[in-house]
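Trainee: Could you walk me through reading this structure, one feature at a time? I would like to begin with strand pairing.

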Amino acid sequence: MGGRRYVIRKIMQALATLVFILLFNFFLFRIMPSDPVKLLTKGKGVQLTQGAQEQLIIDLGLDKPVLPISLRPLALHADNQLFQYVGDTLTGDFGPSLLFQGRSVVDVFLTALWPTLLLVGGATILMTIIGLYLGIRGGWSRGSRLDTGSMGFSLLFYSMPDFWLAMMLLVLFSTYLGWFPSGGYSTPNADLSGLAHIVDVMNHLFLPIVTLTVGYLGEYYLIMRSSLLDVLGEEYITTVRAKGIREDSVLWGHAVRNALLPTISQIALGFGFILGGAITVELVFSYPGLGLLTIQALDSQDFRLLQGLFLFASVAVLLSNLAADLLYSWFDPRVKEA
Amino acid sequence: MATLAEPASPPITPRSPKAVARERRKISRHRFWSIYRKSVMGMAGLAILIVFVLMALLAPLLVSSTGLDVTKVSGPALSPPSWAYPLGTDNQGRSVLTLIIWGSRISLLIGLLAATVSMVVGSVLGILAGYRGGMIDTALMRLTDWFLVLPWVALMIVLAAILGQSLTIIVLVIGLTSWAWTARLVRSQTLSVRERPFVERVKGLGSSDSRIMIRHVLPNVLPVIIAQTILSVALAILAESTLSFIGLGDPLRVSWGQTLEQAFDTGAVTLGAWWWIGAPGVCIVLLVLAFTMCSTALEEIFNPRLRQR
Amino acid sequence: MSVLEVRDLEIDYATSVGPVPAVRGVSFDIEEGEVLGLAGESGCGKSTIGLGLLRLLPRGAQTRGRIVLGGHDILAMSPNDLGAVRWTEGSIIFQGAQHALDPVIRVGDQIVEALATHKIADGKEADSRAASLLERVGLPPRRASDFPHEFSGGQKQRVMIAMALACEPKLVIADEPTTALDVMVQAQVLALLAELQRDMGLSMLFITHDLSVLAEVSDRVAVMYAGRIVEAGPAAQVFTDPRHPYTQALAGSFPTIGDESDLQTPVGLDGDPPDPRELPTGCTFHPRCAQAQARCKETDPPPVAFAPDRVATCVLLEPETASVARTTP
């Protein structure tokens, strides 16, 4: 396969982006205007003695120089905050969480990972299938009732804050109708197992996943639709039609195949938005995933945890982009030669 | 080879170039409006926009701001919509309608200011990258791609959490994290403008690069910038409401997002106070929708390829 | 019997300002084994005719009149029947072929698709047919497994030609087949087309804005202006003895090989073709016509058969043929 050069280039670019993300993350959390120790202890009713404060600074490595090189005095520092941060990050050591005393950031993170995977993963699959299908159908019969309907739906939900949609669904389906639980991952202390547990989890997942799917579905539809319209205007589609190919083969065999390519990378770029949406949606449904954890870290000023979460989100988007690029090279023969 | 004539440029009448340009602009403004007027979507969006802008500007005349002060209001708490309180009241007895009218000011202001910041940064970087090309282009586009990868909402949350909460900071946080899409779009448009023969001609006449960028490239990419900026306003309004809802808004100013935050925090969901939650949300949706519709209508005018479809 | 019979063809495009006429009453025939050249400036409606013959125009375009291709009344057919007629009765070679081949499908498979759709061949047999078609147009058969982007412009055009011949159509519509190619390659592709036409006895509609190409390949020529045929006749006669002022202007700018004076004094044509949304009154050519008279502004001249097998639409030709009945070209 001739696409190896392309794949290697994409991986190198992703690595460069990773370096940027790491550096960005490092400096982002060091531009805090206030004293980190005060921030770390603020609002916890903790009064630290002078000695304890110094100990904390040493524990956090904040006594070390920030960068490996300093100008005044000109010196190199083998032991510095940047190197330590990069080293710690690469070995998966994010230190202890302040919010959850006695647990490490990684431990806290892993507990919240599964619910978010379930929510974001499920919603992504749903919105991809529904959104792309509507986009294909809508673009193919532009101006049809399905198309204008989907267009209106997309514009409406695109303009809607997802946390608001979440609250309205909760008011209607939980408070008034009582069809769904008001939040959480599963019924607390219910001690269910097997199928009953799965049903319980699904029951809790339903409204959050609907919110996220409906909220971001429109973008998938719009991207697919416009990409398909672009392709339908291409000359080769006229050639295919001239050959007497049946219309649905023109659509699925030629137009969709070509239109999916640009859609893949656009969708990958949009993944960051879905992650962002998960933050507020999880907050409204008090769904114990990474989004809710982000809010908790924020409220308790646990910047260490926040930093880890932000790093994770950035890397997740980076990886989804890389995956899209690789998928692209797999599907598009033109990439293989270059 | 004898080839039939392809369309030539129209004959040039001896008039000062400035007069010609002015005339042309007047005609295109006229034509623009006559096309825009036909767009149902564009006109509907514009109508909603005008209503909200008037509401924001005339807020002091419509209702007194004392209705925002919890110590000075005397209404019943959590009352559903009634004649006295058309949109009901919140848990402190404030009229939700008052909150909405005053909140429109902050939501609109932050939306417009943040979109302006984003537009300026995005356009400058986009034109610079597209026009200069080479190393500058590569470097700027790398930076843009990196910013596109950073998850936007998470980035805003982190920045707002670190930098603090004031109107200026919220505007800067939203504006400085959302320019990447504009930069990309403006760059690709600039690339196509740069290829047009007139740029070469002006260059031959000895114009400096910065002059060409401002006098010749900018006017030609302006349509794209305008359509994108209007869309940015929509995004910025959504972003403001999200930040406020999370509790990262300016605590001293009433905005729609902040009203929603207070409603959520005080359990309006379990209390079933749908009016308190519903009204600010409907306003956000309408305002964002209005900007989105205007932007879509503009894009259809500026991008004839879309219009033909 | 004629392979193609077109009568009073009118085509309007749908635009935001309402229907705009692109083709305004065009009639012509193509006999078996004949090559008809259709010439005109860009925007005169010639490519619209090419696409309209197989009903390939964008949605919203209105087609009126009569098109009979290989005995099928094209405009009266159901979409299903039309699918069977496309490519078997008439195929199209598109402009330059730069974008006319599906970029993500191997060229062999694109040819096979045509064969399979029309149940001419499938499986191994279709593959070998595709390979031999490629060979026929001068490409190595193994290239069937390559993608379009792996071919040069001229090679893509060869693939396009091979594909157009796959179902042995009665008529091949060549729509500016050499336009996007460079001069050397143009000549090669043109020679290939001429050779195939001769060997296979193809009937062709050859659409181009390049008159020198038409002189080489066509038996008869029809010159279009603003959606109408303004002059038609045997190729040699039209070029050496043009009678419509428009054709005269074109032929004047067309160098006759060996005639030095022609090269030195090309008769230019001022102005642009008219905007189809605002056609001039009377004869649509009168604003650019060197011989325009007062009546040209008012009367749109009918086709005049001023000599055997020659037709032109110009008032200047009327006096000498006043008694000749109107005929279609």
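Trainee: In which direction do β3 and β9 of chain C run, and how many bridges join them?

Mentor: The two strands, residues 35-39 and 220-225 of chain C, run parallel and are joined by four bridges.

Trainee: What is the strand order of the sheet they belong to?

Mentor: The sheet in chain C is open and has eight strands, ordered β6-β7-β8-β3-β9-β10-β12-β11, with mixed pairing. At the edges are β6 and β11 (304-307) of chain C, each of which pairs on one side only. On average, neighbouring strands of the sheet are turned by 20° against each other, direction ignored.

Trainee: What does Met167(A) contact beyond its neighbours within four places in sequence?

Mentor: Its contacts there are Val284(A), Phe264(B), Val269(B) and Ile277(B).

Trainee: How many residues make up the contact between chains A and B?

Mentor: Chain A contributes 40 residues and chain B 33. On the side of chain A, the elements giving two or more residues include α1 (4-28), α7 (162-176) and α12 (303-331). By class, that side has 29 nonpolar, 10 polar and one charged residues.

Trainee: And which residue classes does chain C present to chain A?

Mentor: The contact takes 22 residues from chain C and 19 from chain A. Of chain C's side, α3(C) supplies the largest share, three residues. The chain C residues divide into 12 nonpolar, six polar and four charged.

Trainee: How should I treat the confidence values?

Mentor: Where pLDDT is low, the predicted coordinates should not be read in detail. Chain C has a mean pLDDT of 84, with 90% of its residues at 70 or more. Yet pLDDT stays under 50 over residues 256-266 of chain C, where the model has five contacts beyond four places in sequence. Residues 321-329 of chain C also stay under 50, with 18 such contacts in the model. For the complex, the predictor gives an ipTM of 0.84 and a pTM of 0.82.

Definitions and conventions
Residues are numbered from 1 along each chain as its sequence is written. Chains are lettered from A and ligands numbered from 1 in the order in which they are written. This is a predicted model: local features need pLDDT of at least 70, side-chain atom pairs count only at pLDDT 80 or more; totals for chains, interfaces and linings use all residues. Two residues are in contact if their C-beta atoms, placed from the backbone, lie within 7 Å. Ala, Val, Leu, Ile, Met, Phe, Trp, Tyr, Cys and Pro count as nonpolar, Asp, Glu, Lys and Arg as charged, and the others, Gly among them, as polar. pLDDT is the predictor's confidence in each residue, from 0 to 100. Two strands pair if DSSP finds at least two bridges between them. Axes are lines fitted to C-alpha atoms, for helices over the stretch in contact, and angles run from 0 to 180 degrees between N-to-C directions.
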